[in-house]
Amino acid sequence: MKKIVIKTDEQAIEILDQALKKELDENVVVEFDGWPTIDVKYVGPKFNSSVTSSNAEALIEIQKAVNNAYTLLVKNSSGRLTDEERKALECVTFVSQGSSEQKTDLADAVKTIGNKLAGKMSGRQIAIVLITLGLAAGSVLVAKDFIANEAKTKQVSLQVQLSEQETK
């Protein structure tokens, strides 16, 4: 039985590629060391040691995605999460003091899902599921943040255009 420790997104992508090509042993055990996390740095005065409502919304979406993945994979889409399961799956976001840096740790939640899948899937299959979940969770935050920033940019542009029209 081979053990693989994933520490970075790059390693995760490489291992996922190997797993999808069936180059990994079926009994492989995947462990995480500092991964998966979502590290984000926001710029601007309103982000000084704070989380905006749109940031919080994106973090809630990540938590929902983790909970849904657990329900689909472990509970076969049936039933609700127990309080104990919710606690085990809870993702924690750290906001650096005096900073706009946020780090969301998904490792414990992903490990919980992996532990529940042991015996139901091969090690290679579990590796595919957990790595995909870790990579996909980050994309939720990035996509929501991108959409929010695009909307703000368009709003400012529209306000400038309206202001220019009023002064003509």
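**A salt bridge and its surroundings**

In this predicted model, Arg 124 and Glu 26 pair through their side chains in a salt bridge, with 2.7 Å from N to O. Arg 124 belongs to helix α5 (residues 123-166) and Glu 26 to the loop between α1 and β2, so this pair ties together parts that lie 98 residues apart in sequence. Arg 124 is buried, at 10% relative accessibility, while Glu 26 is partly exposed at 36%.

Strand β1 (residues 3-6) runs parallel to β2, joined to it by 4 bridges, and Val 5 sits opposite Glu 31. To get from β1 to β2 the chain passes through helix α1 (residues 9-20), making a right-handed β-α-β crossover.

Now for another salt bridge: Lys 7 pairs with Asp 33, their closest N and O atoms 3.9 Å apart. Lys 7 is in the loop between β1 and α1, and Asp 33 is in the loop between β2 and β3 (37-41), so the contact links parts 26 residues apart in sequence. Both count as partly exposed, Lys 7 at 47% and Asp 33 at 43%.

Stepping back, the chain has 5 helices and 5 strands, in the order β-α-β-β-α-α-β-β-α-α. Of its 168 residues, 36% are buried.

Terms used: Residues are numbered from 1 along each chain as its sequence is written. This is a predicted model: local features need pLDDT of at least 70, side-chain atom pairs count only at pLDDT 80 or more; totals for chains, interfaces and linings use all residues. Side-chain values use heavy atoms; hydrogens and water are left out. Two strands pair if DSSP finds at least two bridges between them. Helices (H or I, at least four residues) and strands (E, at least two) are DSSP runs, numbered from the N terminus. A crossover is right-handed if, with the strands pointing away from the viewer, the path from the first strand over the helix to the second runs clockwise. Buried means under 20% relative accessible area, exposed over 50%, partly exposed in between (1.4 Å probe, protein chains only). A salt bridge is a side-chain nitrogen of Lys or Arg within 4 Å of a carboxyl oxygen of Asp or Glu.
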